[in-house]
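Hi,

Here is the structure I promised to pass on to you. Have a look at it first, and my notes follow just below.

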Amino acid sequence: MYGINKITDVELNVQLVYVALIHEYAYEGPCRFGPPEALTTEFDEMNQAEIFKAWSGGYGGAISHTPGVHLMEPLYIKMSDEFFIRAEDEARMAAHTAETDLYIFTGMRCENIAKEFAMKYRVPVACEGMFGTTVLHAVLDARGYESYAVLDVPDCMQLLGALRARKALRNMRILAVTRNNSQYSLGALDAMLSNDEATKRLGVRYNYFSVHEFLDMMHEGKNSSNSTLPGREVYNLTEEDMAEVNEITDRYMNGAAENDVKREYVVNSVKASVLARKLMSHFQCNAFTAPCPDACATRRMNEEKFTFCFTHSLLNEMGIPSACEYDLIGALSIASLAALTGKAPYQGNTQPCVYHDGRVESEFVGISYISEMDRTPNIYYTGHATPNRKMHGFDAPASRYAIRPFTNSGWGATMRIDFDDYKGETITLMRFNPQCDKIMAARGTVVGGFGYNSTGCSEGIYFEVEDKYDYFHKQAKFGLHMPAVFGDHIADVKRLGEVLGMEVVVA
């Protein structure tokens with residue numbers, strides 16, 4: 001119902017430029033040779049036009065299938081063998097620099113035209129064609145201009161995906177629901193050293209909002225009587241909002257393989273997700289996070305009989321990054337993975353399993369000894385009560401799920417996924433560091449799940465890594481929560497690091 005400019009809907013505008021070398025005279029030399037009929041100006045005019053048509057339809061058609069890529073009308077630019085272009089042709093190329101995210105050049109001896117254009121207008125450029133791309137990138141990169149080398153169509157598509165993810169981060173504004181401060185929460189002390197640094201490096205912005213005001217607004221039709229905003233007309237849920245709450249509640253309850261939560265408690269949790277979207281729409285945000293232990297300690301969650309768990313699951317499925325425990329780094333990492341992969345990430349506490357004598361330490365969080373631990377010591381887990389049905393893709397079939405309560409009292413709806421169903425599949429995890437200048441990317445193989453039938457924050461995935469100790473000591477510099485999706489996307493994260501100018505640490 002509420003309009004949100006989702007990061008998953010961001011489009012990357014790509015401009016193809018074909019530079020056609022048209023010789024003014026028929027001659028041969030060290031760089032030109034062929035039969036007489038192929039050396040005329042008329043032949044060049046005909047031949048170059050045909051090549052342009054084939055390239056813009058073939059190469060352009062292929063990369064236009066990259067999700068979220070908008071291919072602009074390809075440009076045909078003539079260059080004589082004096083190797084310059086006319087001002088009117090330069091103006092055609094420059095007409096849309098404000099909205100063009102990448103120029104891709106090709107054509108014999110196009111490198112100098114691309115170089116001068118990139119340096120004058122300071123726009124990102126690439127060159128298609130092995131000779132040209134090597135020359136152009138070396139020239140511009142050495143001079144501090146943004147350029148990219150692309151080898152073939154798959155390589156170009158991966159670059160476009162990374163540039164689109166960067167653009168999504170630049171268009172990201174987080175509705176950051178706070179209690180004590182805007183920097184970190186008790187559940188996410190491993191926060192950014194400076195929220196402004198993330199704005200500087202990534203472009204992300206924030207709209208800070210009081211958790212008490214949020215909780216007051218969950219009540220229907222009491223705008224002017226909120227204790228935190230007395231007399232002010234604000235954004236409490238309306239009758240129309242509640243109609244959507246009831247529709248979502250019925251849909252998820254009817255679709256669940258199992259449901260242990262009373263309808264009134266599912267309604268309470270869904271209300272939070274609808275209010276979050278309402279506020280995001282108003283404040284022009286497209287991501288969400290809220291505190292957990294900080295808010296729990298107010299006792300207002302107990303009073304309202306809900307947790308934010310189901311909210312995070314629902315929003316992430318919709319392509320709206322939603323991070324547990326006021327983890328702003330988690331929100332950025334979720335957004336990056338969602339934009340890169342077209343899948344809904346799942347953020348959890350991510351730690352190695354420490355076990356001995358058939359027992360796992362910290363069993364109170366839901367993890368326990370499993371038989372795979374007899375085979376290998378390299379077992380990790382990631383877990384929160386916030387999984388979602390779209391970890392394989394927003395357009396993929398939804399996973400089977402159950403609805404369980406968070407509390408022993410029966411309230412606090414949570415989605416549960418039985419990750420035993422996905423044994424043997426690969427997952428990719430990632431997280432920015434607190435300095436916001438590095439990315440960690442990790443790969444694991446699912447060996448099982450835990451918490452499907454339980455309550456509390458005890459849902460998650462066991463996965464095998466190559467080296468538990470290597471992973472752990474690298475992760476310790478990044479933080480606890482590592483959002484994950486299914487599939488091997490390490491190469492995609494590396495390409496994102498390239499376009500962001502960040503080192504990528506791989507485990």
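To begin with the largest cavity: sorted by class, its lining holds seven nonpolar residues, two polar ones and no charged ones. Please keep in mind that this is a predicted model. The residues around the largest cavity are Asn 316, Gly 319, Ile 320, Pro 321, Ile 334, Ala 338, Ala 344, Pro 345 and Phe 394. Its volume is about 30 Å³, and the count of cavities of 30 Å³ or more comes to one.

Next, the cysteines. The disulfide count is zero. For a pair to qualify, the two sulfur atoms have to lie within 2.5 Å. Cys 127 has its closest cysteine sulfur in Cys 110, and at 3.7 Å that is too far for a bond. Cys 127 is also buried, with 1% relative accessibility. For Cys 324, the closest cysteine sulfur belongs to Cys 309, 6.7 Å away, so a bond is ruled out there by distance. Cys 324 counts as buried too, at 6% relative accessible area.

Four strands make up an open, parallel sheet, ordered S8-S7-S10-S11. Strands S8 (205-210) and S11 (322-323) are at the edges; each has a single partner strand, so one side of each lacks a neighbour in the sheet. Strand S7 (residues 173-178) runs parallel to S8 and is joined to S8 by six bridges. Within that pair, Val 177 sits opposite Phe 209 of S8.

Best wishes

Terms used: Residues are numbered from 1 along each chain as its sequence is written. This is a predicted model: local features need pLDDT of at least 70, side-chain atom pairs count only at pLDDT 80 or more; totals for chains, interfaces and linings use all residues. Side-chain values use heavy atoms; hydrogens and water are left out. Buried means under 20% relative accessible area, exposed over 50%, partly exposed in between (1.4 Å probe, protein chains only). Two strands pair if DSSP finds at least two bridges between them. Helices (H or I, at least four residues) and strands (E, at least two) are DSSP runs, numbered from the N terminus. On a 1 Å grid over the protein atoms alone, a cavity is a set of points where a 1.4 Å probe fits but cannot get out, and a pocket is an open set with protein on both sides within 12 Å along at least five of seven lines; lining residues have an atom within 4 Å of a point. Grid points are joined across faces, edges and corners, and a volume is the space filled by probe spheres set on the points. Ala, Val, Leu, Ile, Met, Phe, Trp, Tyr, Cys and Pro count as nonpolar, Asp, Glu, Lys and Arg as charged, and the others, Gly among them, as polar.
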